[in-house]
Amino acid sequence: MQKERVYIFDTTLRDGEQSPGASMNTEEKIKIAAQLERLGVDIIEAGFAAASPGDFDAIRRICEVVKKSTVCSLARAVERDIVKAGESLKDAANKRIHTFIATSPIHMEHKLKMTPDQVIERAVEAVKLAKSFTDDVEFSCEDAGRSEMPFLKEILDAVIEAGATTLNIPDTVGYRLPQELGEMIKELHEHVGDRAIISVHCHNDLGLAVANSLFSVMNGARQIECTINGLGERAGNAALEEIVMAMKTRSDVFGFVETGINTKEIYPTSRLVSAITGIEPQPNKAIVGKNAFAHESGIHQDGVLKCQETYEIMKAEDIGLEKNRIVLGKHSGRHAFKERLEELGFDLSQEDLNRAFERFKVLADKKKEIFDDDIRMLIANEITNIPQTFELVGLQIADCSAGVPSAAVTIRHNDKEITDAGIGDGTIDAIFKTIDRISGHTGLLKDYRVEAVSQGKDALAKVVVNVQFDDSKSAVIGHGLSIDTMLASAKAYIGALNSYLSMLPSDCQIDSCEGV
Ligand SMILES: CC(=O)SCCNC(=O)CCNC(=O)[C@H](O)C(C)(C)COP(=O)(O)OP(=O)(O)OC[C@H]1O[C@@H](n2cnc3c(N)ncnc32)[C@H](O)[C@@H]1OP(=O)(O)O
Ligand SMILES: CC(C)C(=O)C(=O)O
């Protein structure tokens with residue numbers, strides 16, 4: 001079956017820029033336009049030439065860069081706007097003027113202060129003037145979603161007669177429900193026939209912009225106006241990525257149509273637009289949100305690892321992501337944990353794996369997301385195989401502003417828990433001195449380093465100490481890992497102590513613990 005083409009009209013640079021805070025400079029617009037062309041959009045609405053000299057210039061410069069996609073400027077049904085649009089598009093390889101006027105009773109009466117007949121007359125004049133610059137003229141009935149059907153048919157007949165080749169039916173205020181807009185498009189499509197292409201431009205005030213666009217395609221629309229990341233005035237426009245991926249994923253329903261979009265460019269385009277505008281899609285945003293291809297819970301991770309389709313209806317690769325993301329966190333299970341360890345090059349025995357998994361769960365309770373570096377450190381600590389002669393059970397430090405830095409430490413040794421407290425020149429010194437007293441070994445701190453492992457405010461602190469115990473000739477190293485730096489320091493010091501003890505002949509070890 002011959003597929004019909006649905007033209008993708010991207011208005012990120014025009015309606016998308018109408019998002020508060022999304023203004024872009026000319027260079028930024030050129031970058032986005034070039035990427036939109038790579039993405040394969042048919043028409044790039046590059047701006048509103050009459051809005052400002054900057055907008056005019058950006059459209060003109062985009063025409064120099066974009067050669068395959070059609071470049072378009074918006075214009076009110078006003079002579080100056082159309083002339084400006086025509087001039088800005090002068091050098092375009094393919095150009096379109098998009099002129100519009102409102103057709104709903106509320107807009108005609110209160111905003112335009114024009115009668116319906118005057119609106120038709122103005123629309124016809126606008127299309128005729130636009131036609132003197134290009135054959136490709138689009139006419140929009142602004143607020144068509146709240147316009148009366150007989151009037152819509154009348155004005156569309158008039159602008160077709162004047163030369164409009166694309167007729168856009170905007171749901172300007174996002175009022176229509178999918179079924180209703182679908183019926184409206186069906187009736188208008190039957191009325192217009194093959195005299196022009198029917199387009200829709202849906203806003204997202206009720207969160208229905210994408211659904212409305214898809215219903216419109218099912219009912220005869222062959223151009224969709226949309227934006228990257230759903231940017232746009234108020235709640236935004238229909239999101240290009242959602243429309244395109246819905247049609248691709250549900251080809252059982254949309255198999256009769258096709259777009260020219262290279263879906264692998266969707267993610268890079270989304271990233272570029274959010275980097276330039278500073279507006280990040282919400283994490284759970286369909287297709288391009290940070291979590292759209294992420295799995296955090298053990299049952300889902302297990303399913304996806306066994307068969308991707310258990311929890312994925314699209315492939316991350318299809319939108320240009322490298323792969324889906326298995327996020328390790330408190331809801332993860334052993335399957336995902338083991339898989340990540342293998343990816344990181346760790347091959348643990350079942351016993352080590354079980355121990356590491358327990359420690360992972362404890363860490364995950366404290367930390368929102370566990371990164372690869374966190375796991376590396378966790379495993380490094382797990383596989384050292386040094387006997388844990390002393391084990392930290394608890395640590396309490398006094399309010400640092402109170403004057404004398406002090407620490408209370410509880411340590412397990414030979415199945416006994418011993419608590420002691422001490423003061424020091426600083427909190428770390430107080431902790432280390434107290435550990436010395438409990439263990440009966442005196443350490444001389446040669447080096448102390450702390451660094452953040454992984455990312456975020458809740459990043460793990462990794463403390464590395466180099467300690468010389470009991471006047472021995474060489475110093476030993478200890479590592480400690482925790483989201484709390486003091487705790488990491490205590491662990492590092494005890495780690496160094498255990499390491500030192502493991503190197504002593506066993507009779508010495510017993511002697512050295514007499515003080516405990
Ligand atoms: C639904 C949409 O997204 S439409 C596009 C919205 N985008 C923009 O408005 C961004 C660019 N706009 C601008 O820079 C400015 O509004 C301009 C340059 C176009 C016009 O600025 P100003 O001349 O100062 O007019 P202002 O914006 O205050 O008011 C709009 C005027 O255009 C009229 N108007 C609005 N739409 C149309 C139209 N499609 N055709 C003809 N006249 C229109 C209004 O009735 C009003 O006319 P009035 O001055 O006689 O009352
Ligand atoms: C100019 C038209 C297409 C528009 O942006 C709208 O109606 O929302």
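The legends below describe close-up views of a predicted model. Local features are given only at pLDDT of at least 70 and side-chain atom pairs only at pLDDT 80 or more, while totals for chains, interfaces and linings use all residues. Residues are numbered from 1 along each chain as its sequence is written, and chains are lettered from A and ligands numbered from 1 in the order in which they are written.

**Figure 1. The shell around ligand 2.** Ligand 2 is surrounded by Asp-15, Leu-74, Phe-100, Ser-140, Glu-142, Asn-168, Pro-170, Thr-172, His-201 and His-203 (a residue is near a molecule if its C-beta atom, placed from the backbone, lies within 6 Å of it). Two or more residues of this shell come from each of strand 6 (137-142) and strand 7 (166-171); helices (H or I, at least four residues) and strands (E, at least two) are DSSP runs, numbered from the N terminus. Three of the shell residues are nonpolar, five polar and two charged (Ala, Val, Leu, Ile, Met, Phe, Trp, Tyr, Cys and Pro count as nonpolar, Asp, Glu, Lys and Arg as charged, and the others, Gly among them, as polar).

**Figure 2. The shell around ligand 1.** Ligand 1 has 15 residues around it, the closest being Phe-48, Ala-51, Arg-76, Ala-77 and Ile-101. At least two residues of the shell are supplied by each of strand 5 (95-102) and helix 4 (105-112). The shell comprises eight nonpolar, two polar and five charged residues.

**Figure 3. The nonpolar cores.** The largest nonpolar core holds 92 residues, of which Ile-44, Ala-46, Val-71, Ala-123, Ile-224 and Ile-243 touch the most other members. Such a core is a set of buried Ala, Val, Leu, Ile, Met, Phe, Trp, Tyr and Cys residues joined through C-beta atoms within 7 Å. A residue is buried if 20 or more other C-beta atoms lie within 10 Å of its own, exposed if 12 or fewer, and partly exposed in between, with C-beta atoms placed from the backbone. Another core, of 29 residues, lies apart from the largest one and includes Val-463, Phe-469, Met-486 and Leu-501.

**Figure 4. Packing of helix 12 against helix 13.** The axes of helix 12 (residues 298-306) and helix 13 (residues 334-343) are 7 Å apart and form an angle of about 55°; axes are lines fitted to C-alpha atoms, for helices over the stretch in contact, and angles run from 0 to 180 degrees between N-to-C directions. Helix 12 is therefore oblique to helix 13 (angles under 35 degrees count as roughly parallel, over 145 as roughly antiparallel, 65 to 115 as roughly perpendicular and the rest as oblique). Helix 12 contributes Gly-298, Gln-301, Asp-302 and Leu-305 to the contact, and helix 13 contributes His-335, Ala-336 and Glu-339 (two residues are in contact if their C-beta atoms, placed from the backbone, lie within 7 Å).

**Figure 5. Tyr-267 and its surroundings.** Tyr-267 belongs to helix 11 (residues 266-277) and is buried, with 21 other C-beta atoms within 10 Å. Residues up to four places away in sequence aside, Tyr-267 touches Val-288, Ile-319, Gly-320 and Leu-321. Tyr-267 and Val-288 are 21 residues apart along the chain, and their C-alpha atoms are separated by 6.2 Å.

**Figure 6. Loop residues with positive phi.** Lys-113, although not a glycine, has a positive phi of about 55°. Lys-113 lies in the loop between helix 4 and helix 5 (116-131) and is exposed, with 8 other C-beta atoms within 10 Å. Asp-415, also not a glycine, has a positive phi of about 65°. The loop that holds Asp-415 runs between strand 14 (406-413) and strand 15 (416-423), and Asp-415 counts as exposed because it has 5 C-beta neighbours inside 10 Å.
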